[in-house]
Amino acid sequence: MFIAFEGIDGSGKTTQSKLLAKKLNYFWTYEPTDGIVGNLIRQILKGKYKVDSKTLTLLFAADRFEHNKIIRKNLKRGVVCDRYIFSSLAYQGLDVDEEYILNINKGIIMPDITILLVVDIDIALKRLKSSDIFEKRDFLEKIQKKYLELSKRYNFIVIDTTDKDVYETHKEILKKVKACL
Ligand SMILES: Nc1ncnc2c1ncn2[C@@H]1O[C@H](COP(=O)(O)OP(=O)(O)O)[C@@H](O)[C@H]1O
Ligand SMILES: [Mg+2]
C-alpha cells in the first residue's frame with residue numbers, strides 16, 4: 001500500500017502523514033528527498049540558484065526516480081509519502097504542460113491513495129513559520145485551486161483541515177483510509 005499526501009504549505013501534510021504512518025506502522029518518507037537531487041531542489045526553492053521551470057520539473061522527476069528505489073523496498077510494509085507526483089502537477093503544472101510532466105514521470109510507482117489536504121489560505125499562512133519562494137498568498141491560492149482541479153480528474157480523498165485540530169483531522173483521515181484498505 002502506498003499513500004501520498006498533497007496540499008499547499010501549511011495544510012498539514014507533514015503532521016498528518018507522520019501520524020498516519022505511525023498509526024499504521026508504515027514507512028514514512030517525503031519529497032523532495034534528502035538525496036543529491038532533492039538537496040539541489042531545496043537550494044533552488046530557497047532561491048540560491050535560479051533555473052528554468054522545465055529544469056526544475058526534470059529535477060523533481062529525477063529525484064522521484066531515485067526515491068522510487070526506497071519506496072519499492074518498503075511497499076510490502078506500506079509507505080506514506082509527504083508530497084509526490086501531484087505536487088509536480090500542481091506546482092510545475094502552472095507553467096509546464098501537464099503532458100510533459102506526465103511523460104517525464106512515466107514509470108514511477110503510482111500511489112494507491114492520494115489524500116489532498118485543503119485549508120483556508122489565511123489559516124495556512126498563520127500555520128507557516130518559514131518562508132520560501134513558494135509561500136506567497138496568491139501563489140498558495142493558485143496552487144490550491146490547481147490541486148482541487150486535479151482532484152476532480154484523479155481520485156483523491158479531499159479533507160478540509162480549516163476548522164479541525166490535528167487529532168480531529170487525523171481521525172477523519174484514518175477513517176477514510178481504513179475504508180480503502
Ligand atoms: N488540522 C491540522 N492538521 C495538521 N496540522 C495542523 C492542523 N491544525 C494546525 N496544524 C499545524 O499547522 C502547522 C503546519 O503543518 P505541517 O504539517 O507542517 O503542514 P505542511 O507540511 O502541509 O506544510 C503545524 O504547526 C501543525 O501543528
Ligand atoms: Mg511539510
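Helices and strands are DSSP runs, numbered from the N terminus: a helix is a run of H or I with at least four residues, and a strand is a run of E with at least two. The model discussed here is predicted.

Q: Is Arg83 buried or exposed?
A: Arg83 belongs to the loop between β3 and α4, and its phi is also a positive value in a residue other than glycine, near 80°. The cut-off for a buried residue is 20 or more other C-beta atoms within 10 Å. Since Arg83 has 22 of them, Arg83 is buried.

Q: Is the peptide bond from Glu31 to Pro32 cis or trans?
A: Most peptide bonds are trans. Pro32 is placed in the loop between β2 (27-30) and α2 (36-45). For the bond that leads from Glu31 to Pro32, omega is near -10°, and the bond is cis.

Q: Which residues are in contact with Pro32, leaving aside its neighbours within four places in sequence?
A: Pro32 has 20 C-beta neighbours inside 10 Å and therefore counts as buried. Once the neighbours within four places in sequence are set aside, the contacts of Pro32 are Gly38, Ile41, Arg42, Phe60 and Asp63.

Q: What length does α1 reach from its first C-alpha to its last?
A: The helix α1 has 12 residues. At 1.5 Å a residue, the expected span is 16 Å. The reach of α1 is close to that expectation, at 16 Å.

Q: Which elements do the buried residues of α1 pack against?
A: In an α-helix there are 3.6 residues a turn, so residues three or four places apart point the same way. The buried residues in α1 are Lys13, Gln16, Ser17, Leu19, Leu20 and Ala21. These buried residues pack against β1, β2, β3, β4 and α8.

Q: How many residues of β1 are buried?
A: One side of β1 carries Phe2, Ala4 and Glu6, and the other carries Ile3 and Phe5. Both faces are covered, as all of these residues are buried. The number of buried residues in β1 is five of five.

Q: Which residue in β3 stands opposite Ile3?
A: β1 and β3 run parallel and are joined by four bridges. Along this pairing, Phe2 stands opposite Val79. For Ile3, the residue opposite in β3 is Val80.

Q: Which residue in β4 is the bridge partner of Ile3?
A: β1 also pairs with β4, in the parallel sense and over four bridges. In β4, the bridge partner of Ile3 is Ile113.

Q: Which residue in β3 stands opposite Phe27?
A: β2 and β3 run parallel, with four bridges between them. In β3, Val79 and Cys81 point one way and Val80 and Asp82 the other way, and all are buried. The residue of β3 opposite Phe27 is Val79.

Q: Which residues touch the most other members of the largest nonpolar core?
A: In soluble globular proteins, nonpolar side chains tend to be buried together. The largest nonpolar core here has 31 residues, and the members that touch the most others are Val80, Ile115 and Leu117.

Q: Which element gives the most to this core?
A: Elements that each supply at least two residues of the core include β1, α1, β3, α4 and β4. With five residues, the element that gives the most to this core is α4.

Q: Which element gives the most residues to the shell around ligand 1?
A: Among the 15 residues around ligand 1, those that come nearest are Gly12, Lys13, Thr14, Thr15 and Arg127. By class, this shell has one nonpolar, nine polar and five charged residues. Both α1 and α8 (166-178) supply at least two residues of the shell. The element that gives the most, with four residues, is α1.

Conventions. Residues are numbered from 1 along each chain as its sequence is written. Chains are lettered from A and ligands numbered from 1 in the order in which they are written. This is a predicted model: local features need pLDDT of at least 70, side-chain atom pairs count only at pLDDT 80 or more; totals for chains, interfaces and linings use all residues. A residue is buried if 20 or more other C-beta atoms lie within 10 Å of its own, exposed if 12 or fewer, and partly exposed in between; C-beta atoms are placed from the backbone. Two residues are in contact if their C-beta atoms, placed from the backbone, lie within 7 Å. A nonpolar core is a set of buried Ala, Val, Leu, Ile, Met, Phe, Trp, Tyr and Cys residues joined through C-beta atoms within 7 Å. A residue is near a molecule or strand if its C-beta atom, placed from the backbone, lies within 6 Å of it. Ala, Val, Leu, Ile, Met, Phe, Trp, Tyr, Cys and Pro count as nonpolar, Asp, Glu, Lys and Arg as charged, and the others, Gly among them, as polar. The expected span of a helix is 1.5 Å times one less than its number of residues. Two strands pair if DSSP finds at least two bridges between them.
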